[in-house]
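Hi everyone, thanks for coming. Let's take a look at the structure together, and I'll point out a few spots as we go.

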Amino acid sequence: MNRFPVMVIASLSLGFIAGRTLSPGLGNLYEWVLYALIFLIGVDLGKGLDFNALRKSGSVGVFLAITTVLGSIAGALLAGLFLGIPPRYASAIGAGCGWYSITGPIIARYSAIYGTLGFLANLLREILTVILYPFSVRLIPPEVGLTMGGATTMDTTLGIITRAGGKEIALIAFVHGFVITMLVPILLPLILGR
């Protein structure tokens, strides 16, 4: 059995417990650790990547990003129908694509309730990616599986995606997350402003 998913879940759980009980004042430490992680993945990629693979990965990453955004909005609209969420807010929550720290505050400018829901739904998307991606790559292609991470695939879930999906998926994941990260701040006001 692969120990990696178990280690991810155990680390996340221990971190949660430590945060709840100890309340350490870490400030921006997590941000610097994230930059170091991205740097190390870049070093690892740079060791064996050719430019043809780079071009292909970029194209696949952009295509997946566009389909991820469209699929997220469509899925959120469908869920909104069943849950009684107005289409404007449902589509904005879906367009957040896992970027909870921007989705919640932007939607909250229009509705505190749906801003909170947007924050929680997108936080849950990131947590579920951390837990489920290592299992999903056993059933579906790693490229398809990374779409569950949305914008997070360029930073917080990049390490897990690289470990579970392989080094060749890392660049696709980074491009995917980067494109979505560029789109979300544009899409949310466009959706909510109508």
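**A buried valine, a helix pair and a surface patch**

Let's start with Val175, which counts as buried because its relative accessibility is 17%, and the cut-off for buried is under 20%. Before we go on, please keep in mind that this is a predicted model.

You will find Val175 in helix H9. Which residues does Val175 touch, leaving out those up to four places away in sequence? They are Gly58, Gly61 and Val62. Now look for Met154: it sits 21 residues from Val175 in sequence, and the C-alpha atoms of the two are 6.9 Å apart in space.

Let's stay with H9 and bring in its partner. When two helices pack, we describe them by the angle between their axes and the distance between those axes. For helix H8 (residues 158-165) and helix H9 (residues 167-192), the axes come within 7 Å and cross at roughly 145°. The crossing of H8 and H9 is right-handed. On the H8 side, the residues that meet H9 are Leu158, Ile161, Thr162 and Gly165. Their counterparts in H9 include Ile169, Ala170 and Phe174.

Now let's turn to the surface. Ile9, Leu12, Leu124, Ile127, Leu128, Leu132 and Phe135 form a nonpolar patch there, with about 530 Å² of accessible area together. Helix H1 (4-22) and helix H6 (112-136) are the elements that give two or more residues to it. Which helix gives the most to the nonpolar patch? That is H6, with five residues.

Methods: Residues are numbered from 1 along each chain as its sequence is written. This is a predicted model: local features need pLDDT of at least 70, side-chain atom pairs count only at pLDDT 80 or more; totals for chains, interfaces and linings use all residues. Side-chain values use heavy atoms; hydrogens and water are left out. Patches are made of residues with over 30% relative accessible area and no salt bridge: like charges are joined within 9 Å, nonpolar side chains (Val, Leu, Ile, Met, Phe, Trp, Tyr) within 5 Å. Accessible areas come from the Shrake-Rupley method with a 1.4 Å probe; for residues, only the protein chains shown count as cover. A salt bridge is a side-chain nitrogen of Lys or Arg within 4 Å of a carboxyl oxygen of Asp or Glu. Helices (H or I, at least four residues) and strands (E, at least two) are DSSP runs, numbered from the N terminus. Axes are lines fitted to C-alpha atoms, for helices over the stretch in contact, and angles run from 0 to 180 degrees between N-to-C directions. A crossing is left-handed if the near helix is turned anticlockwise from the far one by less than a right angle, and right-handed if clockwise. Contact means heavy atoms within 4.5 Å. Buried means under 20% relative accessible area, exposed over 50%, partly exposed in between (1.4 Å probe, protein chains only).
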